[in-house]
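Dear colleague,

Please find below the structure that I am handing over to you, followed by an account of what was found in it. I would be grateful if you read the two side by side.

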Amino acid sequence: MAASHMETVAASNYDAPVADNSGKKVCGIDMEYARSIYGMTKLAQVLLSLLAFFLVAFVAAKSPRAILFSIVTFFAFFFATILFLAFATSLHKNVKKINWYVMDLAVSGIGALVLFTFSSLTVASPLKPVVLVSGVVGFLDMIAFIVATFFAFKRYRENKQRLARQPEYQVDY
C-alpha cells in the first residue's frame, strides 16, 4: 500500500507539465517573465554585454578604443541587468517613482546607438583578433538592444493605453 502511494506521488511530481511551473518564482525571479520574449531579450542583452566586456577587458589590448568599448559594454551590462532584475522580481510594481517602461525604452534605444558606434570603431581598429571578435559580439548585442527597443516601445504604448483607461488618481487615506 505504501509503495503504491509513493509511486503516485513520484509520478505526479515528475509527470507534471512544464506549463504548470510558468507562474512560479525561482530564487525570486518570475519565471513567466524570464521565459517571455521580453525576458529573453533582456537576458540576451545581459549575456552578450558580459561576453563582449570580458573579451575586450581581460583578453584584448589596452588601446583607447578597447578601453572605451569595455566601458560601453560594462554600462550596457549594468543597465540591462538592473532592468532585467527589476522586471523579473516585480520591483517595477513596487517602485512607483520610476517609470520603468520609459527607462527601458531609453536604455535600449541609447544603448543600441552607443553600441553601434563603439562596435564599429572596435571592428575598424587593427588590433588583436580578440578585439575583432568582441566588436562582432558588440554588434550582436546591438541587435539585441534594437529588438528590446521595439518591445520596450510596444510595452510602453500598452501601459500608456492601460493607464488612460483607468480613473484619475485616487488617494486612499
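In helix H6, the buried residues are Trp100, Tyr101, Asp104, Val107, Ser108, Gly111, Ala112, Leu115, Ser119 and Thr122. Buried here means under 20% relative accessible area, exposed means over 50%, and partly exposed lies in between (1.4 Å probe, protein chains only). Helices (H or I, at least four residues) and strands (E, at least two) are DSSP runs, numbered from the N terminus.

Please note that this is a predicted model, in which local features need pLDDT of at least 70 and side-chain atom pairs count only at pLDDT 80 or more, while totals for chains, interfaces and linings use all residues. Residues are numbered from 1 along each chain as its sequence is written, and side-chain values use heavy atoms, with hydrogens and water left out.

Helix H6 and its partners

H6 has 25 residues and spans 35 Å from its first C-alpha to its last, close to the 36 Å expected at 1.5 Å a residue; the expected span is 1.5 Å times one less than the number of residues. Within this helix, Ser119 is buried, with a relative accessible area of 0%. Leaving aside residues up to four places away in sequence, Ser119 touches Phe69, Gly135, Gly138 and Phe139, where a contact means heavy atoms within 4.5 Å.

The structure holds one salt bridge, a term that requires a side-chain nitrogen of Lys or Arg within 4 Å of a carboxyl oxygen of Asp or Glu. Asp104 pairs with Lys42, and their closest N and O atoms are 2.6 Å apart. Asp104 lies in helix H6 (residues 100-124) and Lys42 in helix H3 (residues 37-59), so the pair ties together parts that are 62 residues apart in sequence. Asp104 is buried at a relative accessible area of 5%, and Lys42 is buried at 2%.

Helix H4

Helix H4 (residues 64-88) has 25 residues and reaches 36 Å from its first C-alpha to its last, close to the 36 Å expected at 1.5 Å a residue. Its buried residues include Phe69, Val72, Leu83, Phe84 and Phe87. A nonpolar surface patch is formed by Ile67, Leu68, Ile71, Phe74, Phe75, Phe78, Phe79 and Ile82, with about 670 Å² of accessible area together. Patches are made of residues with over 30% relative accessible area and no salt bridge, like charges being joined within 9 Å and nonpolar side chains (Val, Leu, Ile, Met, Phe, Trp, Tyr) within 5 Å. Ile67, in helix H4, counts as partly exposed at 42% relative accessibility. Just after H4, Ser90 takes a positive phi of about 60 degrees.

The chain as a whole

The chain has seven helices and two strands, in the order α-β-β-α-α-α-α-α-α from the N terminus. Of its 173 residues, 35% are buried. Among contacts between residues at least 6 apart in sequence, 69% join residues at least 24 apart. The accessible surface is about 11100 Å², with 70% belonging to carbon and sulfur atoms; such areas come from the Shrake-Rupley method with a 1.4 Å probe, and for residues only the protein chains shown count as cover.

The UniProt record (unreviewed entry) places the feature "transmembrane region" at residues 43-61, 67-88, 100-124 and 130-153. In the model, residues 67-88 are 100% helix and 0% strand, with end C-alpha atoms 31 Å apart.

With kind regards

Terms used. UniProt positions are given in the numbering used here, feature names are shortened, and annotations may be inferred rather than shown by experiment.
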